[in-house]
Amino acid sequence: MKKLILTTTALALSVGIALADGHGDTIRMGTEGAYPPYNFINDAGEVDGFERELGDELCKRAELTCEWVTNEWDSIIPNLVSGNYDTIMAGMSITDERDEVIDFTDPYTQPDPSVFVAASADVDLSSAIIAAQTGTIQASHAASMEGATVVEFATPEETVAAVKGGEADAVLADKAFLQPIADEDGDLEIVGEDVLIGGGIGLGVRESDGELKEKFNAAIQSMKADGTLNELIKKHLPDSAIF
């Protein structure tokens, strides 16, 4: 089992209530902490980013006391199922395959386009070596590309490093993650068209946690209704579609 890391400070919101399904007073919010702008660890050693700000507000509206836990991506679903935390809020797209193992709330983002980033505009994606993070929708998409070869890495940073180091011809990931990297690194550029995969991002919960799912659904819907969710999307994901 991958190492589980608790952030330096727990998030205490509202009074908190004991849930009937046995969670007790604290909901543990599982994230990766390595996928900006969705989630990352800031200089103070705490979870930060779009999902931290959104998750804090959702917990407040759901009248839940929450704390943030980080876990490596490749074991993030198994460790939810085994009870190491109660939700996954980690830029996880809703897919049929994942929905067979866990349950999802309503989406809190629209489907986000993915893009390829390479060191040369002349790369032939149809026969390229494509780097992608293990267990992502991008890895599955790259594997389905006839003629291309996919190489998988544990972290998103490693996928970019593979391109810069010549191990891969291009990396495929969410546009919100890769666009700032391409903008700031003169040796990298976006190539090809946007790729639309996935069904939006939602919180992952255990299939047995129907009550918790509905609490978060109500909070998500209230943020959609009053416009605060769109404001957070504009703040953190300025190129993404709003509701």
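Helices here are DSSP runs of H or I with at least four residues, and they are numbered from the N terminus. With that in hand, keep in mind that what you see is a predicted model.

Let's begin with the largest pocket. Helix 5 and helix 6 (175-184) each contribute at least two residues to its lining. Helix 6 provides the largest share of that lining, with 6 residues. The volume of the largest pocket is about 270 Å³. Its lining is made up of 17 residues, and those closest to the centre are Pro36, Pro37, Ala176, Phe177 and Pro180. Sorted by class, the lining of the largest pocket holds 10 nonpolar, 3 polar and 4 charged residues.

The model has 3 cavities of 30 Å³ or more, and the largest cavity has a volume of about 170 Å³. It is lined by 18 residues, of which Tyr35, Gln133, Thr136, Gln138 and Asp174 are the closest to its centre. Two or more lining residues come from each of strand 10 (129-133), helix 4 (137-143), helix 5 (156-164) and strand 12 (170-174). Strand 12 gives the most, with 3 residues. The lining of the largest cavity divides into 9 nonpolar, 6 polar and 3 charged residues.

Next, turn to helix packing. Two packed helices are described by the angle between their axes and the distance between the axes. How do helix 1 and helix 8 cross? The axes of helix 1 (residues 50-61) and helix 8 (residues 228-236) come within 10 Å and cross at roughly 165°. Angles over 145 degrees count as roughly antiparallel, so helix 1 is roughly antiparallel to helix 8. The crossing of helix 1 past helix 8 is right-handed. On the helix 1 side, Phe50, Glu53, Leu54 and Arg61 make the contact, meeting Thr228, Leu229, Leu232, Ile233, Lys235 and His236 of helix 8. By class, the residues of this contact are 5 nonpolar, 2 polar and 3 charged.

Helix 1 also meets helix 7 (residues 210-226), where the two axes come within 9 Å and cross at roughly 110°. Angles of 65 to 115 degrees count as roughly perpendicular, and helix 1 and helix 7 are therefore roughly perpendicular to each other. Here Leu54, Glu57, Leu58, Cys59 and Arg61 of helix 1 touch Phe216, Ala219, Ile220, Ser222, Met223 and Asp226 of helix 7. The contact of helix 1 with helix 7 has 7 nonpolar, 1 polar and 3 charged residues.

Notes. Residues numbered from 1 in each chain as written. Predicted model: local features only at pLDDT ≥ 70, side-chain atom pairs only at ≥ 80, totals over all residues. Heavy atoms only, no water. 1 Å grid on protein atoms, 1.4 Å probe; cavity = no way out; pocket = protein on both sides within 12 Å on 5 of 7 lines; lining within 4 Å. Points joined across faces, edges and corners; volume = space filled by probe spheres on them. Nonpolar A, V, L, I, M, F, W, Y, C, P; charged D, E, K, R; others polar. Axes fitted to C-alpha atoms, helices over the stretch in contact; angles between N-to-C directions. Parallel < 35°, antiparallel > 145°, perpendicular 65-115°, else oblique. Left-handed = near helix turned anticlockwise from the far one by under 90°. Contact = heavy atoms within 4.5 Å.
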